[in-house]
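Here is a short report for a reader new to this structure. Take a look at the sequence and the model before reading on.

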Amino acid sequence: MSQTKPVVLIAEELSPATVQALGPDFEIRSANGADRSELLSAIADVDAILVRSATQVDAEAIAAAKNLKVIARAGVGLDNVEIKAATQAGVMVVNAPTSNVISAAELTVGHIVSAARNIPAASASLKAGQWKRSSFSGVELFEKTAGIIGLGRIGALVTARLQGFGMNIVAFDPYVTPSRAQQLGVKLVDLDELLGTADFITIHMPKTPETTGMISTEQFNKMKPSSYVFNVARGGLIDEDALFEALSNNVIAGAGIDVFVTEPPTESRFIGLDNVNVTPHLGASTEEAQEKAGVAVAKSVRLALAGELVPDAVNVAGGIIDESVRPGIPLAEKLGRIFSALASGERLESVELNVAGEIAGKDVTSLKLAALKGVFTDVVSDQVSYVNAPVLAEQRGVETRLTTTEVSEDYRNQLTVSGALANGEQLSVAGTLTGPKQIQKLVGVFGQELEIPLSEHLLVLRYTDRPGVVGTLGRALGEAQVNIAGMQVSRAGQGGEAVAVVTIDNALPEGVLDAVAQAVQATTAREVDLEG
């Protein structure tokens, strides 16, 4: 009796190399994923689906796929995949996080060269029948200073290529050690120094609440009038309104933009400016990047359906993991993200995951990988996976440890992410799973014990214990129309240091965190966004 082959649905056109990488062990089907009715019909009995960007794999599609185990996106972005719904259904989501790094780095350099030598404008002028050599005088890159904001994989590739032009490189990245910068031949500086000294500034940061709009009016005013700025990373890292004003008023010399807050852009105001070059999100638009992406996710599908560890899984680790350990994977990742949010840009010296309780006798390596993935997810520009997270830690000089103990006094199992910051501070965040539904709970912050269910939006405050703080906090959030879902307060002793963890329904509006911190005279105030 022959065994039925797993079914893989290819919902968009992918390279022949992708199918070849899948091999003969699968039944391959094809469908037009952009046709909704065709997709919902075709996905019903498949084990895996491969898509690019046109296919929307949302909650409805996932619910229609009764046998689905893997969603594979042949590319970097995952905007068309509903990760939360996939996770709830136990469906692994994989992508190809490194497929476009060379293409994105080369496009960045292309933008820099184009701006320095006015190539797009000169080409358009000549095609219009004009010969205006004197109108397109440019500048050399040789011995100029390039400022790299974010020294992840793409930032490092851009650095190496610009060094080939004989440029001096300065960089800002709070998570990169001086030794790593020295390896790259880069001088680490703070952001203000970079803005004030660099002739060409390119940003390669992850998009988080802290980095969104990190280059705005204040930053443009610190740049030289002769400087250029480039964004081939994430739309919104550069404040588009502020950029338009800076370019219109010649605060800076020019810009190159490949990514936008809304794509396609709803407004075409940049098109009317002569000192900006725009491209329609071409970072991964090369034949090589597309082929690498397809082959990478095909290999991930093979691993996932074979029950092995999948390096590029973005929501579950996959592989042969003990059933008692597996529920802790998303908790460990969230604790890592909370840990990083509390560190708030301070460079990490060490990170430790302690596993206490019944599962400590099992293989809990996957929990360490998940915790490290969480630690780096919101602080580096690279896509973070279960395999590259330890590499990111090593590159940044962060010592990592996994410790276990079968003794857990308060809970059946407890996970604690702790570590040291470069400023000498020690941080710790603890969590557990409780009840038949395995509810994720935060049970310790800054060494203080508490117990509160995790939510997508958290507010963590440290302050001196005194009467009236809770009421003041409630009023401050109420005035900002922020609804409190839950709250726990813990203190070292009467009049000592207190910690409050507040779960809220939505992200805080701009400026509210500072207002709340001032109202309660908090020594620490952090917003933690676990959405997505």
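Predicted model: local features only at pLDDT ≥ 70, side-chain atom pairs only at ≥ 80, totals over all residues.

Which residue in S11 is the bridge partner of valine 229? The partner is alanine 255.

## Strand S11 and its neighbours

S10 and S11 run parallel and are joined by 4 bridges. Valine 229 and alanine 255 are bridge partners here. Together with H11, the two strands S10 and S11 make a β-α-β unit, and the unit is right-handed.

S11 also pairs with S12. That pairing is parallel too, over 3 bridges. In it, isoleucine 257 stands opposite valine 278 of S12.

The residues of S11 point two ways. Gly254 and Gly256 take one direction, while Ala255 and Ile257 take the other. All four of these residues are buried.

## Aromatic pairs

How many aromatic pairs does a search of the whole structure find? The search finds 3. One of them joins phenylalanine 200 and tyrosine 228, and this pair is stacked. The ring centres lie 5.2 Å apart, with 5 degrees between the planes. The pair links distant parts of the chain: phenylalanine 200 belongs to strand S9 (residues 200-203), tyrosine 228 to strand S10 (residues 228-231), and 28 residues separate them. Both phenylalanine 200 and tyrosine 228 are buried.

Phenylalanine 244 and phenylalanine 270 form another aromatic pair, this one edge-to-face. Phenylalanine 244 sits in helix H11 (residues 240-248). Phenylalanine 270 sits in the loop between strand S11 (254-257) and strand S12 (276-278), 26 residues away from phenylalanine 244. Why does phenylalanine 270 count as buried? It counts as buried because its relative accessibility is 7%, and the cut-off for buried is under 20%.

Ring pairs also build a cluster, made of Phe200, Tyr228 and Phe230.

## Arginines over rings

Arginine 269 lies over the face of phenylalanine 270, at 5.6 Å from the ring centre. Arginine 462 lies over the face of phenylalanine 446, at 3.7 Å from the ring centre.

## The domains

The protein divides into four parts. Domain 1 covers 7-98 + 288-306, and domain 2 covers 100-278. Domain 3 spans 317-448, and domain 4 spans 455-531. Taken over C-alpha atoms, the centres of domain 1 and domain 4 are 41 Å apart.

Terms used. Residues numbered from 1 in each chain as written. Heavy atoms only, no water. Domains from an automatic or database assignment. Phe/Tyr/Trp six-rings, centres within 6.5 Å; stacked < 30°, edge-to-face > 60°. Buried < 20%, exposed > 50% of the residue type's maximum accessible area, 1.4 Å probe, protein only. Lys NZ or Arg CZ within 6 Å of the ring centre and 35° of its normal. Pairing = 2+ DSSP bridges. Right-handed = clockwise from strand over helix to strand, strands pointing away.
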